[in-house]
Amino acid sequence: MTDWAARQNSDGGWAYSRGCSWAEPTAFVLLAQSAGSPDRASFLNGGKFFASLARQDGGWSPQPGVGESTWVTALAALLPEDLISEQQRRRAIGWLKDKSGRDSSWLYRLRRRLDGDKEELPEGWPWFPGASAWVIPTSLGILAFERALRRGASDRGELEDRIVQGKRFLLARQCADGGWNYGSIHVLGRDGDSYPETTGIALLALNGVPQSAPLQRAKAAARRHFSECRTSEGIAWLRMGMAAQAETLTPAADPVCRTNMDAALMTLAAASRNPLLA
Amino acid sequence: MNSHFTRRDVLATAAAGAALARCGKAPRRFPVSNVSIVKAPGYSMDVYDTVYRMIAGHGLNVRGRRIVLKPNLVEYDANTTINTHPMIVHAVYEAFRKLGAGDVRIAEGPGHRRGTLDLADAAGYFSTISQFENAFTDLNTDAVAKRAIRNPVSKLSSLYLPHTVLDCDLLVSIAKMKTHHWAGATLSMKNLFGLVPGAVYGWPKNVLHWAGIPETIVDLHHLFPKQFAIVDGIVGMEGNGPIQGTPKPAGVLVSGRDPAAVDATCCRIMGIDPKKIEYLRIARGEENLGENAARQVGESIRAVRTDFQLIEEWKAIRLAA
């Protein structure tokens, strides 16, 4: 079992690997702790650090030195109830509702139409405001909205619409080999290869999608990646993604956990009560 | 240091500015710098001595200084040559230590894969560089500070950048010699995209794409005036680079204090016209990209020129024979 308190920085947060605390590893360590029996003091200190990154606009900053709200806002909405106030959570969801990929803006759509490209671009989420939508922030956005719905959010219609859009975005970005990479399926007409970790997180976000040929291909890609993958990050996300598709993957051996993120993800993937799974 | 300006200083500065504006169309001239071209047939133990002599030949004063080595570590594919070879990175690391550098760190922030250490392991960095993890900083997750971009050519006015590179005395870009499907060629200047922190901007660092790829390459170049450039062209990549291309042995290492001059020289070695590479044109202007814009040390371009295959979209950048 990981001694999270021993790895914790004095400000209460966790580094990705070593050094300063960031929102993302702190959120995943808190989720990992919440899946078991956490050291309460460490858990609450971590929560305080994370809460300190909340910004006036309702979003979350990825690190104290960054004066902008970014994709990590979705993580705020995924954290356990006792760490984030209901008001902060609602504001985080509100911030996320206002954000989508720049490539789904009306101006960009119009430009594409004028260029003769009539392909529909479903709305996903960007990493950073003003940029395109990509696979990981879109997957986290879907999970955050699904969590908000389970908590009884009042704006159901709006959230459900964005979840549907987000899932369509993911299916539109599925690589030719069945999995997902960061979100580029073609580069100058050539097929891009998928990665284990992004295939896993996309499958997790696609929970509840009816069985279909694309989903079957995705699961086949996940099994293929799992048989070859040696990284904690890849193995953990693949296990979570396939668990969301009602399939259990068991690693033959424990991979090396090099970072706090690796350890947190591996803990979550092995947990019987994984808060990322519905 | 007294930093007060007198009224006379202000007027003199304004007059000088006006005079510069009047002659704004006159081409700016850059000093001619040395670019060394060294033949290196393969990744063998000889490379350590070759690299040391090549760097020492530039007379850098690195004694006691903090040096950051920035390799090109993108993705791993056993069938091709995407990344700077670990032996070159190790040879550069050992060379700077031998030259008396106070601290040498290897630092990179890959743009696609989030598990930087896993990627470095797959690419052979752990097995080649002893105690690699202790010498390495993941720039995607390092502490950051905001830096304004003075006179930006891209749409960006500022960037968050990692402390490790902001605080160093010399940034050494150790790039791979590759073609690039968006930029034409990726060399020491394009390699600086890896300085931008993924934990802030994401994977990929798409903010840079929206702000203009050639323009942000130039802005990043200007943000780091203390640089040394090394390009690993022992085996480069041709075709659909920087990831899906095919290995191209060129048997050469290229280096110098002026990254733009190094990159222009590499382009010529690859059979690419540097005047047709937009980021070089923006950084230098066409008039500073001629063959005489750099002083070649070691081999001549002609002796090592190895035309890299270009994809259809980039055929027009081919340098005349």
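Helices α9 (residues 196-205) and α10 (residues 213-228) of chain A pack at an angle of about 140 degrees, with their axes 10 Å apart, and they are therefore oblique to each other, a class left over once angles under 35 degrees are taken as roughly parallel, over 145 as roughly antiparallel and 65 to 115 as roughly perpendicular. The model is predicted, with local features requiring pLDDT of at least 70 and side-chain atom pairs pLDDT 80 or more, whereas totals for chains, interfaces and linings use all residues. Residues are numbered from 1 along each chain as its sequence is written, and chains are lettered from A and ligands numbered from 1 in the order in which they are written.

In the contact between these helices, A:Pro196, A:Thr199, A:Gly200 and A:Leu203 of α9(A) meet A:Ala218, A:Ala221, A:Ala222 and A:His225 of α10(A), residues being in contact if their C-beta atoms, placed from the backbone, lie within 7 Å. This contact of α9(A) with α10(A) comprises five nonpolar, three polar and no charged residues.

Helix α7 (residues 135-150) of chain A also packs with α9(A), at an angle of about 30 degrees and with the axes 9 Å apart, which makes α7(A) roughly parallel to α9(A). Here A:Val135, A:Ile136, A:Ser139, A:Ile142 and A:Leu143 from α7(A) meet A:Thr198, A:Ile201, A:Ala202, A:Leu204 and A:Ala205 from α9(A), and by class the contact holds eight nonpolar, two polar and no charged residues.

Between the chains, the contact draws 30 residues from chain A and 27 residues from chain B, and the side of chain A that touches chain B consists of 15 nonpolar, nine polar and six charged residues.

Technical notes
Contact = placed C-beta atoms within 7 Å. Nonpolar A, V, L, I, M, F, W, Y, C, P; charged D, E, K, R; others polar. Axes fitted to C-alpha atoms, helices over the stretch in contact; angles between N-to-C directions. Helix = DSSP H or I, 4+ residues; strand = E, 2+ residues; numbered from the N terminus.
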